[in-house]
Amino acid sequence: MSGSAERVTIKDVAARAGVSKGAVSLAFNHKPGVSQATRERIFAVARELGWAPSATARSLSSQRVDIIGLALCRPARLLGLEPFYMDFVSGIESVLAERSCSLLLRLVRDLDEEIAVHKDWWRGRMIAGAILVDFREDDPRVPALRGLGLPAVAVGHPSLTGPFPAVWTDDASAVTEAVRYLAALGHRRIARVGGPADLGHSAIRARAFADTTRELGLEAARQIATGFDEKEGARATRSLLLAADRPTAIVYDNDIMAVAGAGVAAEMGFTVPDDLSLLAWDDSQLCRITHPTLSAMSHDVHHFGAEVARVLFDVIGGVHTAGHQVPTPSLTPRGSTAPAPGTQSP
């Protein structure tokens, strides 16, 4: 072939695929407006002709891409407020930086969209592998993605993650420690403000909470599922404190809801921890700047994210791994927990 052969353009791809140039652009930018079948046909033609937008040209010409994909089914506003994912992503990035790799982050509306995004990323050779988070029980991503050949690591208990190597924390043991600690302080009515009921780790925590309160002979425990944001955390706290049999201690599934709960307690005239003990989860900087400082189930979220990235690179490199458990969140008592009203310190 002559060295002066014309360069393939988006127009050539569109003509060969039988679509408009706009459809090719929509496909490569992962925008709605083209069907999945059409999108796949466009990708196949582009690979055949050796064409891609500049950002993905290397993807189509090489098996290796120095980009890792992470799709999150969370509202953008909540992601900006939630300390967990900020620390988690920073841990991932610390490992990617060592390897001169990048993170491709996408917020999605639901699991169907997430599945479609992963399929597009992988078939378009835009990523080397993916990090899957927020597993549900009977998660539809497992059957949908298991046959793709996509290198992936799952953040969640192995009982939820199917064939994907898992990295997880022992949430059941952490919940048990939290409840036993509060019971040792004399609390008999302990409540929990949890995350979405359909999330696998929320369900694991809920079962452990119910089992432990029952084993300790505590009063029937009330648990309220929320969407993890501060407004729902405040609403749940208010509901609990308005009850005739209000709890004397509340465990929260993240820090931002615990901070909101402390505000509601003050608004309603309760003193933390004299009237009400509060226990947060994750132990971000929020717990240390709130007054009183928040007791928390503490774990190194940055380290968690870094471990997830390391396991993924093992998978990408063909190293067989079943994943592993990272250190279990442990209790860090601070100023928001104390003996139950009317009891003496143990």
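Helices and strands here are DSSP runs, numbered from the N terminus: a helix is H or I with at least four residues, a strand is E with at least two.

**Entry 1: getting my bearings**

I noted that this is a predicted model, where local features need pLDDT of at least 70, side-chain atom pairs count only at pLDDT 80 or more, and totals for chains, interfaces and linings use all residues. Residues are numbered from 1 along each chain as its sequence is written, and side-chain values use heavy atoms, with hydrogens and water left out.

I found 14 helices and 12 strands in the protein. I also looked up the box filled by the C-alpha atoms, which is roughly 90 × 40 × 35 Å along the principal axes. Of the 346 residues, 51% are buried. Buried means under 20% relative accessible area, exposed means over 50%, and partly exposed lies in between (1.4 Å probe, protein chains only).

**Entry 2: two cis prolines**

I went looking at peptide bonds next. Most residues other than glycine have a negative phi, and most peptide bonds are trans. The bond from Val 272 to Pro 273 is cis, with omega near 10°. I placed Pro 273 in the loop between helix 12 and strand 9. The bond from His 291 to Pro 292 is cis as well, with omega near -5°, and Pro 292 sits in the loop between helix 13 (285-289) and strand 10 (295-298).

**Entry 3: two positive phi values**

Asp 138 is not a glycine, yet its phi is positive, about 55°. I found Asp 138 in the loop between strand 3 and helix 8, and its 79% relative accessibility makes it exposed. Phe 228, also a residue other than glycine, has a positive phi near 80°. Phe 228 lies in the loop between strand 7 (223-225) and helix 11 (230-242), but this residue is buried, at 5% relative accessibility.

**Entry 4: the largest pocket**

On a 1 Å grid over the protein atoms alone, a pocket is an open set of points where a 1.4 Å probe fits, with protein on both sides within 12 Å along at least five of seven lines; lining residues have an atom within 4 Å of a point. Grid points are joined across faces, edges and corners, and a volume is the space filled by probe spheres set on the points.

The largest pocket holds about 430 Å³ of space. I noted 29 lining residues, with Phe 84, Asp 171, His 201, Arg 205 and Phe 304 nearest the centre. Where does this pocket lie? Domain 2 (67-169 + 301-328) and domain 3 (171-298) both give residues to the lining, so the pocket lies between them. The domain bounds come from an automatic or database domain assignment.

I sorted the lining into 15 nonpolar, six polar and eight charged residues. Here Ala, Val, Leu, Ile, Met, Phe, Trp, Tyr, Cys and Pro count as nonpolar, Asp, Glu, Lys and Arg as charged, and the others, Gly among them, as polar.

**Entry 5: aromatic pairs**

I searched the whole structure and found four aromatic pairs. Rings of Phe, Tyr and Trp (its six-membered ring) pair if their centres lie within 6.5 Å; planes under 30 degrees apart are stacked, over 60 edge-to-face, and the rest tilted.

Phe 84 and Tyr 85 have ring centres 5.1 Å apart and planes at 85°, so this pair is edge-to-face. Phe 84 also pairs with Phe 88, stacked, at 5.6 Å centre to centre and 15° between the planes. Phe 84 and Phe 88 are four residues apart in helix 6, about one helical turn. Phe 84 is buried at 16% relative accessibility, and Phe 88 is buried at 1%. Phe 84, Tyr 85, Phe 88 and Phe 304 form one aromatic cluster.

**Entry 6: salt bridges**

A salt bridge is a side-chain nitrogen of Lys or Arg within 4 Å of a carboxyl oxygen of Asp or Glu. How many are there in the whole structure? I found 20.

One of them joins Arg 192 to Asp 253, with the closest N and O atoms 2.8 Å apart. Arg 192 lies in strand 6 (residues 190-194) and Asp 253 in the loop between strand 8 (249-252) and helix 12 (255-267), so the pair ties together parts 61 residues apart in sequence. Both Arg 192 and Asp 253 are buried. Salt bridges with shared partners join Asp 171, Arg 192, Arg 205 and Asp 253 into one network.
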